[in-house]
Amino acid sequence: QLVQSGGGSVQTGDSLRLLCSLSGFTSDGYAMGWFRQIPGREREFVASIAWYGGGTSVPDSSRFTISRDTAKNTLSLQLTGAKPSDTAVYYCATWNQLTLNPTAATVRHWGQGTQVTVAS
């Protein structure tokens, strides 16, 4: 089970942190990360991290930072310099295929989703 927290409403230029707590997972997961979805559009990959080794893939690495705490079984996403175009529902996800560039179809488990709204 993936349980998300954080998010909410921020102003343009603000920073925001999302947290995902994992429960009931074993070490068979390869990677986890974040997607986001705007209504009417497909779920979009944001960032990923390998559970062991810590390799990452972050297309917009100038504003997004992904990290995990293996001792606490948590995953976080830090957004800096928020823009109105970042407004979306953000989902944490985990999958067990050997890729750090997943599609939504790759994902095995989803979090419940967290709304992020960036006001201009």
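By salt bridge I mean a side-chain nitrogen of Lys or Arg within 4 Å of a carboxyl oxygen of Asp or Glu. Aspartate 86 lies in the loop between β8 and β9 (88-95) and arginine 36 in strand β4 (residues 31-37), so the pair ties together parts 50 residues apart in sequence. Strands here are DSSP runs of E, at least two residues, numbered from the N terminus.

This is a predicted model: local features need pLDDT of at least 70, side-chain atom pairs count only at pLDDT 80 or more, and totals for chains, interfaces and linings use all residues. Residues are numbered from 1 along each chain as its sequence is written, and side-chain values use heavy atoms, with hydrogens and water left out.

Aspartate 86 also meets arginine 63 in a salt bridge, at 2.6 Å, N to O. Arginine 63 sits in the loop between β6 (56-57) and β7 (64-69), 23 residues from aspartate 86. Aspartate 86 counts as buried at 0% relative accessibility; buried is under 20% relative accessible area, exposed over 50%, partly exposed in between, with a 1.4 Å probe and protein chains only. Through shared partners, salt bridges join Arg36, Glu44, Asp60, Arg63 and Asp86 into one network.

Now β3, residues 16-22. β3 pairs with β8 (residues 74-79) in the antiparallel sense over six bridges; pairing requires at least two DSSP bridges between the strands.

Key
Helix = DSSP H or I, 4+ residues; strand = E, 2+ residues; numbered from the N terminus.
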